[in-house]
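Reader: I've just opened my first protein model and I'm a bit lost. Could you walk me through how to read it?
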Amino acid sequence: MASFTLQGIPISRGITIGRAHLLHPAALDVQHYLIAQEQVEAEVQRLKDAIAKVHKDLQAIWSDLPPDAPTELGAFLDVHALILSDPMICEEPLDIIRSRHYNAEWALVTQIDVLSAQFDEIEDEYLRERKADIQQVADRVLKVLTGSAHDLPRAVGVDESNANMIVVARDISPADMMQFRNVAFTGFVTDEGGQNSHTAIVSRSLGIPAVVGMGNASRLILQDDWLIIDSDAGVVIVAPSALVISQYRDRQAVLLKARKKLNRLKKTQAVTLDGISISLLANIELPQDAHAALEAGANGVGLFRSEFLFMGRTGHEHKLPSEEEQFVAYRDAVVAMKGRPVTIRTLDVGADKPMDSSEHNILNPALGLRAIRYCLQEPQIFLTQLKAILRASAFGEVHILLPMIAHSFEIDQSLTMIEQAKSELALAGIGFDRKIKIGAMIEVPAAALSLPMFVKKLDFLSIGTNDLIQYTLAIDRADHEVAHLYSDTHPAILQLLHMTVSAADKAEIPVAICGGMAGDVRLTRLLIGMGFRELSMPAALLPEVKQAILTSNIESLQVHIKKILRCYDPVVIQESLQQLASVGSTLH
């Protein structure tokens with residue numbers, strides 16, 4: 001077989017070599033047929049039994065989680081169990097069987113198609129990718145209905161004839177991942193998914209090389225094909241020659257040795273060669289993620305996305321999480337961080353999200369009623385969340401982060417809402433941090449260009465580079481047709497970052513970066529040289545970024561930074577960034 005190369009989205013770092021194991025989904029083209037009236041209830045029961053079987057399987061997998069399993073796996077299994085219990089999954093298909101006389105498979109797929117279409121309208125990339133969770137849950141039910149569910153083969157050893165397994169699939173669910181725990185799997189390749197898919201999150205936490213969003217890899221790669229995953233470059237080499245395998249084995253050995261050295265830095269403080277301390281924080285999606293953040297040596301949580309509590313709660317306001325439910329989640333994360341600060345971002349959803357999709361026709365969700373705009377228009381939802389966050393602040397240091405602020409009145413109205421939440425809790429005799437710090441995300445150009453109104457009213461700033469780049473360059477990075485235009489080192493982006501850190505420094509308030517740039521080690525010296533002293537990223541990326549900081553001298557970096565900020569030629573900027581990468585190594 002001739003060797004060929006596939007390109008995808010790199011979502012973790014490293015190299016792995018092994019043989020392909022294809023994980024086939026349940027057939028999407030399920031049988032479609034109508035059932036007689038007297039068969040309706042039997043068909044309803046067949047679907048109920050399949051859902052109950054999947055519930056039982058998920059519980060068994062969760063119960064068998066090994067002690068060293070990443071916390072993300074258990075959390076995502078919980079999410080899948082919740083999705084399976086949602087009436088939109090466990091009841092609506094039953095109604096379709098009764099009203100339309102569809103067979104169980106057809107009814108389930110019909111409902112999943114409706115929900116998937118709703119998720120496709122979501123602007124927020126993280127939430128949009130939760131569509132995959134619904135499809136993965138449905139896939140497990142379909143496998144039970146069609147009798148195609150099966151266990152994965154177990155590897156008995158690792159050698160040339162029984163190589164490490166690289167899983168190739170359209171997509172991979174957390175439950176599927178746990179079935180690999182008894183096999184020598186070392187990497188993932190998927191047709192679908194992105195930076196925020198569960199495959200991405202878990203592979204980063206496991207430190208397993210993975211490339212996603214490859215389009216048709218599962219159709220091009222054959223069972224037992226030799227594969228090389230270079231997840232630094234986002235490349236998968238299919239049927240490589242013996243010489244190429246040998247070259248990558250050498251590179252792999254070097255990377256493994258370097259990773260072992262990095263792990264020894266977990267408890268080391270991130271301080272530059274000239275004595276400047278940098279706070280390295282973790283981004284989390286679930287309360288359970290706080291344990292991994294602490295283990296990785298994070299100084300705190302720089303971004304707790306609260307959206308996970310609202311996932312899958314479609315259709316009705318009464319299904320939104322209660323104040324108590326939110327409080328418990330926030331409190332658990334705060335307690336787990338053992339006194340380190342936890343920054344909780346308020347709800348970053350909008351009218352384009354599933355909870356409202358039946359009521360609005362959004363022409364451009366990115367510019368519509370989202371984030372703080374949505375919260376201010378739904379004050380009861382906002383107030384409930386603020387009270388839950390404030391209650392959690394009684395258990396440790398908590399900061400409130402407001403997303404997508406662009407106007408002065410949005411700041412004023414948000415602060416008024418926070419004061420109202422404080423008053424209601426005080427009246428009820430419930431404790432909270434009365435001096436809780438309040439900050440805003442800088443993620444639209446309007447915010448970066450009007451910083452004086454932010455620094456006068458707020459305690460800190462946090463730059464969401466993903467959205468800032470998207471809005472500044474007018475690029476949806478999830479759109480593969482324009483993804484090549486997405487540039488985190490575009491001169492306009494660098495100028496906005498510089499303006500923000502300078503304004504915050506002048507006002508003597510902290511400013512952090514919690515977007516993708518913070519965890520990109522190529523940019524670490526650029527950011528700390530510009531003046532950023534707080535970087536927040538996925539916990540697994542902390543050691544490598546810390547190493548770059550430990551080998552950096554801020555004073556020496558600033559000469560190069562000034563040159564970069566004066567330049568508007570992309571080629572020269574890239575050359576200067578490469579020079580920055582070598583500055584630390586020459587000083588170390």
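Predicted model: local features only at pLDDT ≥ 70, side-chain atom pairs only at ≥ 80, totals over all residues.

Reader: Which residues have the most contacts inside the largest nonpolar core?

Author: Phe 532 is one of them, along with Phe 454, Leu 497 and Leu 535, and that core has 105 residues. Its largest share comes from helix α15 (residues 379–392), which supplies eight residues. There's also a second, separate core of 35 residues; among its members are Leu 58, Ile 83, Ile 134 and Ala 138.

Reader: Okay, now the sheet. In what order do the strands of the open sheet run?

Author: General idea first: strands of a sheet pair through backbone hydrogen bonds, and they can do so parallel or antiparallel. Here, eight strands make an open sheet with mixed pairing, and the order is β1-β8-β7-β3-β4-β5-β6-β2. At the edges sit β1 (4–7) and β2 (9–10), each of which pairs on one side only.

Reader: In which sense do β2 and β6 pair, parallel or antiparallel?

Author: Antiparallel: β2 and β6 (residues 210–212) are joined over two bridges. To find one of them on screen, look for Ile 9, whose bridge partner in β6 is Val 212. Then look for what lies against the sheet: helix α11 (residues 242–263) packs on it, touching β3 (15–23), β7 (226–230) and β8 (235–238). The direction of α11 makes about 115 degrees with that of β3.

Reader: Next, charges. How many salt bridges does the structure hold?

Author: The idea is that side chains of opposite charge can pair when their charged atoms come close. This structure holds 22 salt bridges. Take Glu 43 and Arg 46, whose closest N and O atoms are 2.7 Å apart.

Reader: Why are Glu 43 and Arg 46 separated by about one helical turn?

Author: Because they're three residues apart in helix α1 (residues 40–63).

Reader: Is Arg 522 buried or partly exposed?

Author: Partly exposed, at 48% relative accessibility. Its salt-bridge partner is Asp 520, at 2.6 Å from N to O, and Asp 520 counts as buried at 18%. Also, salt bridges that share partners join Glu 307, Arg 345, Asp 348, Arg 370 and Asp 467 into one network.

Reader: Last one: where is the pLDDT below 50?

Author: Begin with the overall picture: the mean pLDDT is 84, and 83% of the residues reach 70 or more. Residues 151–162 are one stretch below 50, and it has 22 contacts in the model beyond near neighbours in sequence. Residues 314–318 are also below 50, with eight such contacts.

Definitions and conventions
Residues numbered from 1 in each chain as written. Heavy atoms only, no water. Pairing = 2+ DSSP bridges. Helix = DSSP H or I, 4+ residues; strand = E, 2+ residues; numbered from the N terminus. Contact = heavy atoms within 4.5 Å. Axes fitted to C-alpha atoms, helices over the stretch in contact; angles between N-to-C directions. Salt bridge = Lys/Arg side-chain N within 4 Å of Asp/Glu carboxyl O. Buried < 20%, exposed > 50% of the residue type's maximum accessible area, 1.4 Å probe, protein only. Core = buried A, V, L, I, M, F, W, Y, C linked by side-chain atoms within 4.5 Å. pLDDT = per-residue confidence, 0-100.
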